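Let's take a look at a protein model together. Have the sequence and the 3D view ready.

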Amino acid sequence: MEGDIASMGQFIGAGLAAIGSGAAAIGVGHVAGNFLAGALRNPSAAAGQTATLFIGIAFAEALGIFAFLVALLLMFAV
């Protein structure tokens with residue numbers, strides 16, 4: 001009985017941690033959408049902001065990867 005409750009807790013925790021991966025996808029879309037909106041307003045400044053775009057995407061994606069790793073640790077750690 002105790003093993004069932006512990007494994008249930010692992011899977012619930014992993015599911016909650018996996019929400020961070022979806023949130024990272026929303027964050028990447030938000031960063032790219034704001035860059036596109038700014039580039040359409042001022043196309044001459046878009047080339048100078050490309051590096052900032054990639055840094056923002058990398059930070060948002062790194063948080064998603066960390067959330068995915070936490071979910072894997074919760075599922076498969078003994």
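## Ground rules

This is a predicted model, where local features need pLDDT of at least 70, side-chain atom pairs count only at pLDDT 80 or more, and totals for chains, interfaces and linings use all residues. Residues are numbered from 1 along each chain as its sequence is written, and side-chain values use heavy atoms, with hydrogens and water left out.

## Fold and shape

The protein chain has three helices and zero strands, so its pattern along the sequence reads α-α-α (helices, H or I, of at least four residues and strands, E, of at least two are DSSP runs, numbered from the N terminus).

Now for the shape: the C-alpha atoms fill a box of roughly 65 × 15 × 5 Å along the principal axes. The radius of gyration is 18 Å, while a compact globule of 78 residues would be near 12 Å (taken over C-alpha atoms; the globule rule is 2.2 Å times the number of residues to the power 0.38).

## Inside and contacts

Of the contacts (heavy atoms within 4.5 Å) with a separation of 6 or more, 79% link residues 24 or more positions apart.

## Surface

The accessible surface comes to about 5,600 Å², and 77% of that belongs to carbon and sulfur atoms (Shrake-Rupley method, 1.4 Å probe; for residues, only the protein chains shown count as cover).A nonpolar patch of about 930 Å² includes Phe11, Leu63 and Phe76. Patch residues have over 30% relative accessible area and no salt bridge, with like charges joined within 9 Å and nonpolar side chains (Val, Leu, Ile, Met, Phe, Trp, Tyr) within 5 Å; a salt bridge is a side-chain nitrogen of Lys or Arg within 4 Å of a carboxyl oxygen of Asp or Glu. Helix α3 (residues 50–76) gives the most, with eight residues, while Phe11 sits in helix α1 (residues 2–41).
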